[in-house]
Amino acid sequence: QLAEERSKNEQNTTKIAQLQSSLDNAQSEVNRLQGLLQSYEGISTETYTITFYNGANVYTSRAVSVSNPYITSGVGTPKQDKRVFVGWALNSSDGEVIELESYRFTFSTNLYAVFEEKPLNDYTWEEIAQISESGQASQFFSVGDEKTFTLGMGEEITVAIMGFNHDNLSDGSGKAGITFGMTHLTASGSKMNYSETNVGGWNDSAMRKTLQNTYFTQMTTDLQNVIKAVDKKTTIGNKKITMTTSSDKLFLFSVAEIASATSIANSSSSIYSGYASTYQAEGTQYAYFRNLIGDADIYNTPWQLARKTKTATNTSSWWLRSADTTFDWRFSYIGHTQNAASGCNNANSNMGISFGFCI
């Protein structure tokens, strides 16, 4: 019996030793984990600087840390003229764009803004309107940039930017951001009036109604919704120099919107030079036409103004909205080819249409 008890005591002693060893090991593991925790806490306050570049210039910077290595907001959108921001890339603006909100930064990093060229034709009308209303249209587009759309009747129309901040909005809120104008003639011509008269001028003309009822109504809804009514000045016709203002969504150009004030005053034709101040009061030359013909005399029809329909081989004469100041039955027009005199023609003549509008 004594031997049996001695054996049990030895077994208990062994178990106690084993338990003590396990406790010692556990404490060692606790100590190790505490050391790791202290070590982690010691470095978790370390921060990294993330620097954002737009070209060669620093756009902004942000600090991240080991415990918070993400940038989820607040960076903003950099801009470059006539380019669209795509995102941020590592190492250079030619690098692959990263998903900024989910990217984990583990050291100080430089990011570079990536942009892409986007032609006017690739923008929606809604996007163009938003840019126009922001007052930054000239930072995205250039005079002469073109966009093509299709009317409900199937006719394809190409327009170019005539100028920026040129036309007064009819609601009195300032300038329309962008003016567009056709680069060709519509498939069908029309008359300024159905009888030989310019009485009432552009404001009362059949052509003004044609643009609204035939062409504006055939535009897609997204385009109709962003076209702004602008003020257009012209004489009242009937050999009078009295000016009237029309509110138009679609319009023909006036003599003064195509020719410079100098060109009108110095024209070889008294049709223009003899009534220069009257024509000059109908607007100012668009940048597009300034670039196209400068101070050239439009009476001699600079070749750059010759226009045709998209399907025609030959160019045709096209109407302007300016009424003749010497006769009560004519409106101004642009000749069909170089040196074929521009001037005035019977109001009931069928001639080409090249309209403009503002956004």
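Here is a short briefing on the overall build of this protein chain and on one of its sheets. The model is a predicted one, so please read every value below as computed from it. The chain holds 10 helices and 13 strands. With a radius of gyration of 37 Å, well over the 21 Å that the globule rule gives for 359 residues, the chain is more spread out than a compact globule.

**Overall dimensions and surface**

- Taken along the principal axes, the C-alpha atoms of the protein chain fill a box of roughly 145 × 40 × 40 Å.
- The protein chain exposes about 18000 Å², and 46% of that area is supplied by carbon and sulfur atoms.

**Burial and contacts**

- Of the 359 residues in the protein chain, 42% are buried.
- Among contacts in the protein chain with a separation of 6 or more, 62% are accounted for by residues 24 or more positions apart.

**A three-stranded sheet**

- Three strands form an open sheet in the order E10-E11-E12, and their pairing is antiparallel.
- Strand E10 (318–323) and strand E12 (343–346) are the edge strands, each pairing on one side only.
- On average, neighbouring strands of this sheet are turned by 50° against each other, with direction ignored.
- As background, strands of a sheet pair through backbone hydrogen bonds, in either a parallel or an antiparallel way.

**The pairing of E11 with E12**

- Strand E11 (residues 330–334) runs antiparallel to E12, and four bridges join the two.

Key: Residues are numbered from 1 along each chain as its sequence is written. This is a predicted model: local features need pLDDT of at least 70, side-chain atom pairs count only at pLDDT 80 or more; totals for chains, interfaces and linings use all residues. Side-chain values use heavy atoms; hydrogens and water are left out. Two strands pair if DSSP finds at least two bridges between them. Axes are lines fitted to C-alpha atoms, for helices over the stretch in contact, and angles run from 0 to 180 degrees between N-to-C directions. The radius of gyration is taken over C-alpha atoms; the globule rule is 2.2 Å times the number of residues to the power 0.38. Buried means under 20% relative accessible area, exposed over 50%, partly exposed in between (1.4 Å probe, protein chains only). Contact means heavy atoms within 4.5 Å. Accessible areas come from the Shrake-Rupley method with a 1.4 Å probe; for residues, only the protein chains shown count as cover.
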